[in-house]
Amino acid sequence: MSTEPLLEVQDLVKHYQSGGWLSGTRQTTYAVNGVSFSINAGETLALVGESGSGKTTVGRTILRLQEPTSGSARFLGTDLFDMPRSALRKLRRRMQIIFQDPYSTLDPRMTVGSSVAEGLEIHRIVPRADITSRVHALLEEVGLDPDDAKKYPHEFSGGQRQRIGIARALAVEPHFLVCDEPVSALDVSVQAQILNLLLDLQRDRGLTYLFIAHDLAVVRHIAHRTIVMYLGYIVEEGTTDLLLTTPRHPYTQALLSAVPDSEAAQVADRIILPGDPPSPSAIPHGCPFASRCFHPEKDQRCRSERPVLRTLGQSQVACHYATEEEA
Amino acid sequence: MIRWLLRRLAQAVATFLVVTLLLFLLMRVAPGDPLARLVDQRRVSPEELSLLRARFGLDQPIGQQLGQFLQGVSSGDLGVSIAHYPDQVSTLLWTRLGPSVLLGGTVLLINFTLGVWLGVFQAERRGSRWDRWLTRLSLTGYSVPSFWLALILVAIFSLHWHWLPATQMTDPLLSGSAPLATKAIDLVRHLILPVLTLSLVSLASAMRYQRTAMLEVLRLDFVRAAAARGLTPGQVRWRHAWRNALFPMLTLLGLWIPFLVTGSVFVEAIFNWPGIGALAAEAILGRDYPLLQGTAMLAAAVVLLGNLLADVGHLLLDPRVRAT
């Protein structure tokens, strides 16, 4: 494994402007507020948080499917955010994305075969004559029948469609895959199949994943390291094992207690967070989590001073009062 | 699929028959007499009048009239026009079809190229200045009555600046032996104002439909996936997004196909365009039963045809529809 990470994201910020002119007040949505992380080749990094935490925005922005507000993302030695679009298009074969919704991820008017083949054609991955056989091989690799190439997306189940989406992403031979909640919309029995497929592919192809999820249950089988996000901030980062056994941040503890069969849920009482997260267009001044925090030492400092990520044991935690011994 | 098509066709024929029957009855129930105008214009003796009634079959009981009418329709005979006596209704419709198709076809062509393009353009720039101004302009056009706009355009371009002819389809002074190019230019000059009128008032609906359809598709993941695969913005836009945003346009086109044939009554009348719309206006004013009936039947037939074509289009283009 090389010493330089495959992807290094620094201070990623994404703010949306909405409204303006006739619609009255302009509003800024602070979706991602200075997120930094790196992923090593062959590793899976999970990004966990509830909806509105900015995790999907992070995934889309580092692929520049959305333009970042500021920050940098070094990938294979270049800054993706600094790159002209034409050069970026060539690099796209090295990074792909898998989406959450199996029903909108495939073009309804394209056969499965042409969806998978399109990437091969654009990036001239194989000679024209070999496209069909490569498409068949890719479908087999994700557990589908080569004959499925002739069918249309509506003829498949949700799980099968996710497999097609994966085959389509793999066609261009990427190093790096953003998996944006790829199993959240699937039945539990199918979830495991897709997760196993992703694990197999990682082993066989040496893929690197950024795995986005909204709970910790899915993540523990697949991610080496996990980042927990809240309101566009990283609140905790560490190896997945560590996060699952000794969560430091109150929010991580709450997330963990929501996992049905986790140890934390058995040991401690289940933590039910009061209320909803604040709106990303009106983020509190101090700790973003303060309004829902149950930490006994929560005080005025939490409301006024934003905690930065600090090293605590082997984790990084953004909480004024998190301590090492407590779990 | 063949069975579906046959069933659809049978439905259309049945609908057409019902419409024909209703039209026939409606026409007889309506107040006014087709020969009244004739009587207005010159002195007609009662004997003469009853002779005329007998000639047009107006003296027979209504059931018999209907029977004769349906018999005629089945053999393509729509009767004889009263106002244009002794011209056949079918002949009249046929000679007026060309100009209407020319006018309507040009307008549809503009709506479904420029309108589609502008709708896509707007959708990709939703909320931008371009989007807002195009919305305002197109809706302004949409809200303007066509006859008023026609008169304003005539006042500006014909009466004030003398740039374009105000009426007719061709210059009556142009000799028949003039070169083809001269004739074509003459035709285009006559076409500009009516086309401009009809396009300005109808472009908005194509634009709005396309904008909405495109916005719905643009937020779907397969569009993002296409961009992520390294397609150019143009490829993403047309090959993936638009191909899935054209179905509402297909329906809209089906609804507008009748417009090709029936034209616009007001606009054709104002520009003295020798189309079917103007013919229908004449028929109404002259209480020309057979002609009005023929025009309305043609309109009904084309409405049904337009719907059928849209359905077939869906069938051919959408794999999901094909499966059902």
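How many of the 6 residues of strand 9 (residues 225-230) of chain A are buried? The count is 6 of 6, so strand 9 of chain A is largely enclosed by the rest of the structure. Here, "buried" is a matter of counting neighbours: a residue is buried if 20 or more other C-beta atoms lie within 10 Å of its own, exposed if 12 or fewer, and partly exposed in between, with C-beta atoms placed from the backbone. Strands (E, at least two residues) and helices (H or I, at least four) are DSSP runs, numbered from the N terminus.

A word on the model itself. It is predicted, with local features needing pLDDT of at least 70 and side-chain atom pairs counting only at pLDDT 80 or more, while totals for chains, interfaces and linings use all residues. Residues are numbered from 1 along each chain as its sequence is written, and chains are lettered from A and ligands numbered from 1 in the order in which they are written.

Back to strand 9 of chain A, which is covered on both faces. Arg225(A), Ile227(A) and Met229(A) are buried on one side, and Thr226(A), Val228(A) and Tyr230(A) are buried on the other. Two strands pair if DSSP finds at least two bridges between them. Strand 3 (residues 44-48) of chain A runs parallel to strand 9 of chain A, and 4 bridges join them; Leu47(A) has Ile227(A) as its bridge partner. Strand 10 (residues 233-239) of chain A runs antiparallel to strand 9 of chain A, with 6 bridges, and there Ile227(A) stands opposite Glu237(A). Strands 9 and 10 of chain A make a hairpin with 2 residues between them, and Leu231(A) in the turn has a positive phi of about 50°.

Zooming out, chain A has 11 helices and 12 strands. Of its 327 residues, 44% count as buried. The C-alpha atoms of chain A fill a box of roughly 70 × 50 × 45 Å along the principal axes.
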